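Dear colleague,

I am passing on to you the structure we spoke about, and below it I have set down what was found in it. Please read the notes with the structure open beside them.

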Amino acid sequence: MPERFYIETLGCPKNQVDSDKLVGTLLADGLEAVEDPAVADLVVVNTCAFIEEARQESIDTILALDERRRSGARLVVTGCLAERYGSELASALPEVDAVSGFGVPITLGRKRPAVAAREGETPAVPELDLLNLPRPPAQAPWAYVKIAEGCDRSCGFCAIPSFRGPQRSRDVTSVLDEVDQLQAQEIVLVAQDLASYGKDRPAELGAGAIVPLVRAVAERVPRVRLLYLYPSDLTDELIDVIGGTGVPYYDLSLQHVSKPLLRRMRRWGDGTRFLRRIEEIRDRFPEAAFRSNFIVGYPGETEEDHDELLSFVESAQLDWCGFFAYSREDGTYAAGLDGVVPRDLMDERLSELRSLQDDITAARRDALIGSRVQVLVDAPGVARSHREAPEIDGVIQVPDSLAVGVLHDVVVVDALGPDLVAEDHGS
């Protein structure tokens, strides 16, 4: 019997890509994937450490899987929590057999057994970049592809560069090879700083390397979607290439709109510039869909800042928005700032913003009733148009008879909050 493994993935789409690479490696090592951790010989938790809530979820998941694993099974923690807190985490969680950097599960297969630390020693946190490891074909009609790792920015609230390191862009060939391996209908390109792809390798990849990369991916698959675009790098050329793929979906990492607060965040831009850019995109691509995320309660955020953000949300009429309470992260610039916003005030502001955006999203979805859209069917009865990114946005309910993994033309007949209901255009 081959050894069996189970991987639990927490956090963002970039973590899912890492897990897929680990799956491919373990399968190549002769292990067999299972869906029940209770029958696995190896249980891996790919953790998230972005904010406190994510770290707590990671710890809770580790402890829950420790209780579920069978006697003799190995429990390994990898991912962001392992990278950020390696030795400290290993000492705090005696239940875990190994706390390993991103590449460590490479060593856990039968061909390359993990080396146990000598008694009294804390296991080292080995490192191996997963970017260019092979992956198995996608299990859904869509798949994430990570085109770079790390980040060169110094946003005041973010600790990611401290444990993910500086930006490291992949070769175009390796990205395209992975796209071919996945055999998906929709490729979702992700990175910590997507639009900066290639800036760390100007001699090889050239300025604006993201644009030819998107074009090259679009030649291979029906749909290409980009997530996490820093607004200052959203050039006219990038706007046009995104719109030209047939998926005019713009995920803009804005974080706030108050200029003084954005500078305190060590970020570029302001609400006026953002609105102007959104209007320009809508002029070029009237069917464009927009998503963004905003931090609420960053140190120094005033009522005026909050009112400015409310006004922006009302004016921008974005399709999708995420609002997140500021989380103090050790080692970040913001951790030492004054003007701490009380949690109850953060919650009030979050509630106000979310209520406003829920109404906007519902109205924008209602406006689509009667329209004809092209959808990709992800599973029986569940589909998405260009307006819905997988896992984070609403979906479109379609007849079960529509083939999975195929693009279909449908007519929207109803809206249920963030979700739509559609009928086969041919029926």
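In which helix does Asp305 lie? Before the reply, please bear in mind that this is a predicted model. Asp305 belongs to helix 11, which covers residues 303–316.

Asp305 is buried, because its relative accessible area of 9% falls under the 20% cut-off for that class. If the neighbours within four places in sequence are left aside, the residues in contact with Asp305 are His256, Ser258, Leu261 and Gly300. With one of these, Ser258, there is also a polar contact, in which the two side chains are joined at 2.7 Å.

The second residue I looked at is Gln167, which is found in the loop that runs between helix 4 (160–164) and strand 8 (168–169). Gln167 is likewise buried, with a relative accessible area of 6%. Its side chain takes part in a polar contact of 3.5 Å with the side chain of Asp200, and a polar atom of that Gln167 side chain lies 2.6 Å from the backbone oxygen of Ser196. Not counting residues up to four places away in sequence, Gln167 touches a series of residues, among them Ala148, Glu149, Gly150, Cys151 and Asp152, as well as Asp193, Tyr197, Gly198 and Lys199.

Note on methods:
Residues are numbered from 1 along each chain as its sequence is written. This is a predicted model: local features need pLDDT of at least 70, side-chain atom pairs count only at pLDDT 80 or more; totals for chains, interfaces and linings use all residues. Side-chain values use heavy atoms; hydrogens and water are left out. Helices (H or I, at least four residues) and strands (E, at least two) are DSSP runs, numbered from the N terminus. Buried means under 20% relative accessible area, exposed over 50%, partly exposed in between (1.4 Å probe, protein chains only). Contact means heavy atoms within 4.5 Å. A polar contact is a pair of N or O atoms within 3.5 Å; within protein, one must be able to donate a hydrogen and the other to accept it, and residues adjacent in sequence count only if both atoms are side-chain atoms.
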